[in-house]
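Subject: Handing over the structure

Dear colleague,

I am passing this structure on to you, and I would be grateful if you looked through it before reading my notes below.

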Amino acid sequence: MDEKDIFILRKLYENEYISGEELASYLNISRMAINKRIKSLKDLGYKIESTKKKGYELSDKDIIRVWEIRDYIQSSNLFKEFIYIDEVDSTNTYVKQNQQHFKNATVVYAERQTQGRGRLSRRWVDLEKGIKMSILLKLLLLDLEKIIPLTLFTGLVINRVLRKYGVNSFIKWSNDIYLNGKKICGILSELSGEVEGLGSIIIGIGINVNAKSVPEDIKDIATTLKAETSQDFDRTRLIIDILIEFERDLSNFDKYGFSYFRDEYKSFCINLGKEILINGERMLCRDIGENGELVCEKDGKIIEISSGEVTIRF
Ligand code: BTN
């Protein structure tokens, strides 16, 4: 999809009907060229109807309004670019492979991922009408100790935005967002570049938003915002609000680290006080440490955990 296609989508979004002639004259291309573009947009899954004498109509308006996100990016002091892709293997992989061409603080969004990746080499199931995006933060003096807290910070920001929307979401350590006991959002942060040299962090965010349901094989562990609330969410607004909130507090994260957000994190963390299984070992979750580590108790001993798979026993 190129800039002309984005323009066509914008016109379709903003008008009830728009004729092929009008689109052709706006873009200074032939009527035939418009037909071709409309056909390939339909092939990509956009629901475009045509009615004689009226013109084209976008019958499903749940699309990403790239132009609005770019307007925000232009006014942002942090984010530099928003790249929209219809289909890609994984936005994290794509950013990793192409980062030399991208500016610091580029956001890459994909409407579909064919090989979405999760933590611990798991897959990330691609649901329609979700959010799958990666934020590239470049030129960081790579500090392995920062990546975990930065990912926790990102989870906290997303939880904060969802709560502003009235969603009763919680954080499951380290950075899953849960709603009604099931996962709605996961974050995969990856370091790339030389350790202790200049490199980058790629923060991949997957949110299950407007799909009506999740596939049978994950239905006991995952859900979507729509399935839980019976509401449709404006994905464009959600993306912008997450980026705004991330930008707003990133300087505090830089200055003070995770400890600045620790109380807020703790107040939404569902692990605290629960018995949990970490890599098969049963422990009691006591606290979240200054750098976001999970502080557990096992056989009277305190153990700090900074990564691993956590299963909660409610
Ligand atoms: C997890 O909970 O295991 C992390 C899931 C992360 C999924 C997102 S979707 C966008 C980005 N691209 C990927 O391949 N993964 C992340």
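How many residues apart in helix 3 are K39 and D43? Before the reply, please keep in mind that this is a predicted model, in which local features need pLDDT of at least 70 and side-chain atom pairs count only at pLDDT 80 or more, while totals for chains, interfaces and linings use all residues. Residues are numbered from 1 along each chain as its sequence is written, and side-chain values use heavy atoms, with hydrogens and water left out.

K39 and D43 are 4 residues apart in helix 3 (residues 31–43), which means that about one helical turn separates them; helices here are DSSP runs of H or I with at least four residues, strands are runs of E with at least two, and both are numbered from the N terminus. The two residues form a salt bridge, with their closest N and O atoms 3.0 Å apart, where the term stands for a side-chain nitrogen of Lys or Arg within 4 Å of a carboxyl oxygen of Asp or Glu. By this rule the count comes to 33 salt bridges. D43 is exposed, at a relative accessible area of 57% (exposed means over 50%, buried under 20%, and partly exposed in between, with a 1.4 Å probe and protein chains only).

A salt bridge also joins K132 and D126, whose closest N and O atoms are 3.1 Å apart. In this pair K132 is buried, with a relative accessible area of 3%, whereas D126 is partly exposed, with 29%.

The side chains of E245 and R160 form a further salt bridge, at 2.7 Å from N to O. This pair links distant parts of the chain, since E245 lies in helix 8 (residues 235–256) and R160 in helix 6 (residues 144–164), 85 residues apart. Both E245 and R160 are buried, and salt bridges that share partners join R160, K164, E245, R248, D249 and E264 into one network.

Some backbone features also deserve a mention. W173 and S174 are joined by a cis peptide bond with omega of about 5°, and S174 sits in the loop between strand 6 (170–172) and strand 7 (176–179). A105, which is not a glycine, has a positive phi near 60°; A105 is located in the loop between helix 5 (91–98) and strand 4 (106–113), and it counts as buried at 0% relative accessibility. L120, also not a glycine, has a positive phi of about 50°, and L120 is found in the loop between strand 4 and strand 5 (131–141), where it is partly exposed, with a relative accessible area of 47%.
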